[in-house]
Amino acid sequence: MTRKQLFLLLAAIFLTLLPAAAHLSGNPYLLSLASRILIYGLAAASLDLLLGYGAMISLGHAAYVGIGAYAVGILHLHLGAGDLPPALALLADSTASGLAILPLAVLAASLAALVIGALCLRTTGMHFIMITLAFAQMLYYFFISLEAYGGDDGLSLMSRSGLPLVNLDNDTHFYYFCLFCLVLFLYLASRLVHSRFGLILRGAGDNERRARGLGVNTGRYRLALFTIAGGSAGLAGALLANHSEFVSPGLLNWTLSGELMVMVLLGGIGTLFGPVVGAAVYLLLEEGLNMYTEHWMAYMGPLLVLAVLFARNGLFPLLISERRRHG
Amino acid sequence: MKKLLTGLCALALLFPATSFAADPVKIGMITTLSTKAGYLGEEIRDGFSLAMAKEGGKLGGVAVELLVEDDEAKPEKGKQIAQRFAQKDGVKIMTGIVFSNVAMAVVPKLVRDEVLYLSANAGPSELAGKGCHPNYFSVSYQNDNLDEVVGQYVTEAGHGNVYLLAPNYPAGKDHLAGFKRYYKGNIAGEVYTKLDQADYAAEIATIRDAKPDAVFFFLPGGMGINFVKQYAQAGLGGSIPLYGPAFSFDERLLAAVGEAALGVKNGSQWTHDLDNPANREFVENFRKTYKRTPTLYAAQGYDTALLLASALRQTGGKAEPAALRPALKKADFASVRGNFAFGANQHPIQDIYIREVVRSDGGFTNKTVKKVFTKHVDAYAAECKM
Amino acid sequence: MAEALLEVIGLNKSFGALLATNDLSLTVRQGEVHALIGPNGAGKTTLVNQLSGDLAADSGRIIFRGQDVTRLPAHRRARLGIARSFQITHIFENLTVAENLGLALLAGHGGNFHFFRHWRRAPRLEEQLTEALTRFDLLQHRDQPAASLSHGEKRQLEVGMALVVDPQLLILDEPMAGLGSGGTVELTRIIRRLKGQLTILLVEHDMDVVFSLADRITVLVYGHDIATGTPAEIRGNALVRQAYLGEEG
Amino acid sequence: MLDVAAINAGYGASQVLFGVSLSVVEGEVVTLLGRNGMGKSTTVRAILGLLPITAGSIAYQGQALQRLPSHRIARLGIGLVPEGRQIFANLTVRENLLATAANSRGVKDPFNLEAVFALFPRLAERLRHYGNQLSGGEQQMLAIGRALMINPSLLVLDEATEGLAPLIRREIWQALTTLKERGLSILVIDKNVDALLAIADRHYLMEKGQVVWSGTSDELRRKPELKSRYLGLEH
Amino acid sequence: MLLFCEQLLNGLQLGVTLFLMSAGLTLVFGIMQVINLAHGSFYMIGAYVGATVALHSGSFLLAILSALGASWLAGCLAEALILRHLYRRRHLDQVLATFGVILFCNEMTRIIWGRQPLFMDIPAALAGSVELLPGLPYPIYRLVVLAVGLAVALLLWLIFTRTRIGMQVRAGAVNREMVAALGVNISLLYTLVFGCGAMLAGLAGVMAGPILAVEPGMGESILILTFVVIVIGGIGSVRGAFIGAVLVGLVDTLGRAFLPLLLRLLLSPATADSVAASLASMAIYIFMALVLVIKPKGLFPAHH
């Protein structure tokens, strides 16, 4: 058993038993925090697909999280008001609304990523970073002024999405559902990375010219990955909306994109599991520092700088003591 | 692997199990301490703490513990903190939220979950009207109050052509609606600016071009500072008078705006020069403790604490929402505002004033000019079915 | 005479005022090893980049197997059968050797939008991969990251990647650069084995290699072709001696 | 004045130089000969500190160079005319000459624009042209002029005349002769052996990252087989 | 027409402020390939130090000088302590580290200067307006800002074209190694450029002090605009930064000023106002996206 497998096994046991531990210690907040970590972990891991495997540095990933969240918020609003368009009205059964809402959220985020990606991928390098940021900011201001859906005030959900078999309004059920989504994503993503598609993408990320010279139309593969990552971020957004039962334009702000990037780097870029570790460390640090000082950012800032300077490959490779090669 | 286990232990220590036995009554304050608006939360917190300090850490003779957390003006963050207060610390009484959008994200769920929420600032219309709730009390105002008073005053002053300006987000539109409710004249123009816009040169040029009798604006925080300064610099300060709610003219902002604000009239439910014993005591103590003149936010924080103290005294220390609710509703305390009672929607029925920015020794401050509304009831009270 | 596989007609490319390719015409015949020599800065790599599609020509035409490819993007030309290696080693450093070759094999097929199954389990890939690894003497390194190979092995891998897709035309841009004598001999042996199986355009400075491998040689000076002929013809060409060796009239 | 002793160097995993040693004496013109890819440019890069060496030592006028950054080495008096000329395309001819001009060693009669134009009159005509508007020959002259403007005591030319027309070559050889007469030491890399025999004092022949022969011009003239073996078309 | 002229001036004035921010950043990126998100922090430091000095000394000139000094010092410190170690690292690492610097600087200003915004007044000599054209009064201070911005642009242009340092910087942007091999201490040159870039940002900050609120986090909103400018202008090009800054200033200002009027021709006033407000806040991002879709490397890509 490699250290990585051991780590994953222990993590799995820990995560499975966490709800029981939270209840025994009379600390249900722990569960809510853990769910949030899982959701941010999912968003960060989806960004890792772009950063670590596709060599596409997107500073606008929050946009897709936000769109996923807004899809949930908007559908819930109409569900509550009972004015869903007829095509969707069939699915307005409150015990199974999630079956329609969650996929629609993913679809909406994927579509946005497809369109934005097609435009952004005309550029490379620094320009790509900035144009992804520009589109995210554009959407941010769009949602701020979108009065029908709360604008800057955001939208509150009256309840979480309904799903058969699980009751998301129950925090334990919700936690397990988030865990399920994350594990499913990680499984599919690690398959994807080693699939034909993933191999070609990793190649294109490593050496674009060479890949083109071998006959790969790198643009199409990149766009496909951008769309997949966007859709996955949309799922994270949909879960986040359900978790806080609230959506607001703040989710699309560039600071969230920055934080997701920080989680990826902190955990270990190009490792898929690392960003989840990164999300956990970042959120726990924030939570922990916040408890001792209201000036927690004055500590978080230097910590990030130190992390960059000294833990170059991120925490996950350090944790499983594996050295990743540098490209 | 050992590292991992130590890590997990450390994690567990971060979340000690809570016990509820004979502890002081916990009050959770979710407020904005960071970002550009950080001073607002500071004022509310300081006002609240001052009332606690007066009793030596107690309220109404009951030991209380104030937990303060920074929501960074983000609704998501406010949600998280509320959840942590409720689930981890077992807090049953919360207060402190500065911004309406944070309140809208946090409050409805809290009050459904049987937590008492006493608003020390934000008073969104939804919570005054259809969304009112027995567990929700606004100790400050309903948002529109401070605009309504200006609308009334501007009409009385005989300005027949007023230009309106607010950021392009729902609160901005609400505030302008509040003004229009009592303003009877013509509207010269209505402009919505980008949220967090810094430079208003383009809007000011347009205003000059429109030649209105007066300008009413709602631009909270730094936006207001920028606008007022640039407005004065453009030479419009003398020719077209500015009006607005108190938010851009509290004592701490005045220090940053400086002379540009001189003479501007603004609407507020409180000023430090209100002549009543409670207020004199409050202002004096606040100045002594914090070496500055309190703002309306501090007064709201102080009043919130006094209200809670009065209720705790009546229940004899029982902090269960069911016990506190009727006691709170009586509003049996000496508010620094003078007249204070709760309406049917548990929002204040109070007097509202127009104040003017004047020079004080070494700085600028507000002087009460006129009481425009007496025992004013907000516009949404009728919609509340409680 | 064998038919023309690649025809370059009146090609021009300038960078600022510098004419990197100057009205260049060139014919590569089916099945030959055609060497391209010339002093540094004569525009050899610029020409190769235009042939592969990495650089757009200013004017002129490039015809490959009777089809005008002048305006096609690089990956389309690769699909048509133009493969190239680079002057500075261009491999996928972060992938393993097997992944490098596997990618090359799969890229040639197209239609790689398979997201779930491991790439190795693509139809018939395993045998092709093993064959390629054996053929290029990289079997013992198959699961090693390419970055950890020696310089010579990297070169072998690079040439291997160009070859596994069974191209019609293989463009080798200074394959011997930086190789020790052992590596040169090894690579020369590999290229010689390829002779006859496919057409090769070889850009190389090592004259031993050029004269031992080439069927025909084109000499480039100032982006222009000054002579084309058999090794013997080129060796005897005074113009070439002057331009290339710098011997004066 | 320059003493390169048994250096190894390379790029990443691939070693290019295997124990190269050479020296240049004050006022001498020395050549480094060999076919492409034999390590000549790598040797030059190692001397200028553009590539770290993994073994051996380099000294210039008694000072060790191997740990110094490039700009310190240049200021000690080594002027580089790099392979491929590498003039600054977005600067005019005048700016190219002036940008890095210096007299860090306080030479008495320093090079200035006039001195460079006296050497290469063509450059004076193209003073306001940008670097990318020059022909290859003009670029080479500019690269030499640029190196002279830092007032070196040793001029290092990597591929002095490669790819240039015969007329231009003559002009450059002429300039080098003038510089030698001025007392400048020169280390030059080129394939034009015949021209170099006339100018240079000593020669080093490189093959596969090693110096395989060294000697004076007379010795090289006496061994024509060296020329064809290490430099020529034939084997 | 007068209104249009005034709005043009407003746009230009915003543009030159943005230029002050962009000039240093674009060079830093062009020469050293370093992304510095913390550039906005120098702007904030300039504003804070300037406001503090102005408050205590009452001298605007002293405020400007101390702001320049402080931002220069902050720039040099950030470069020496952090960025110098990141030159050869991925852009991602640079983004992460400088993100940390932003958090730190914002919180430190909050700890040192407190939470409320600081006050800074226009010096008496520059207060008031002048009548540029009959019926077009314009604040003198804004004209001064415009003039200072243009003067700095001119000065930079002179430095770049006429001085050796300027030539070295331009040469370094194309071929760093060669500049080093010709005896120029490139890392010193970079520290200099970095320090000057930070100083220009500090200048922008202190100049903005009397117009804008001096508050924690004031650097971020302008930082994003600065990046937009650089990307539109072409990374590494000072000329591009100037033109990009002016374009962004004009698009933003004119969009805010005239979109409502334009849309009122098409839509009902209420809808027009609200759509115009939304479009105006997105205008520069839409503009940037358009530029990049048409010219993926910006308007004036630097030579490479």
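**Reading cysteines and a covered strand**

Analyst: In this predicted model, Cys132(B) and Cys384(B) form a disulfide, with 2.0 Å between their sulfur atoms. Before we go on: residues are numbered from 1 along each chain as its sequence is written, and chains are lettered from A in the order in which they are written. Local features need pLDDT of at least 70, side-chain atom pairs count only at pLDDT 80 or more, and side-chain values use heavy atoms, with hydrogens and water left out.

User: How do I read a disulfide, and how many disulfides are there over all chains?

Analyst: A disulfide is a covalent bond between the sulfur atoms of two cysteines. Here the rule is a pair of cysteine sulfur atoms within 2.5 Å. Over all chains, that gives a count of 1. The torsion about the S-S bond of Cys132(B) and Cys384(B) is about 85°, so this disulfide is right-handed.

User: Which parts of the chain does the pair link?

Analyst: Distant ones, 252 residues apart. Cys132(B) is in the loop between helix H5 (125-128) and strand E6 (136-138) of chain B, while Cys384(B) is in the segment after strand E14 (363-376). Helices (H or I, at least four residues) and strands (E, at least two) are DSSP runs, numbered from the N terminus.

User: Is Cys132(B) buried or exposed?

Analyst: Buried means under 20% relative accessible area, exposed means over 50%, and partly exposed is in between (1.4 Å probe, protein chains only). Cys132(B) has 11% relative accessibility, so it counts as buried. Cys384(B) is buried too, at 13%.

User: Now a strand. How many residues of strand E3 of chain C are buried?

Analyst: In a regular strand the side chains alternate between the two faces of the sheet. For strand E3 (residues 33-37) of chain C, 5 of the 5 residues are buried, so the strand is largely enclosed by the rest of the structure. Val33(C), Ala35(C) and Ile37(C) are on one side, with His34(C) and Leu36(C) on the other.

User: Which strands does E3(C) pair with?

Analyst: Two strands pair if DSSP finds at least two bridges between them. E3(C) runs parallel to strand E8 (residues 199-203) of chain C, joined by 4 bridges, and Val33(C) stands opposite Ile200(C) there. Another 4 bridges join E3(C) to strand E9 (residues 216-221) of chain C, also parallel, where His34(C) stands opposite Arg216(C).
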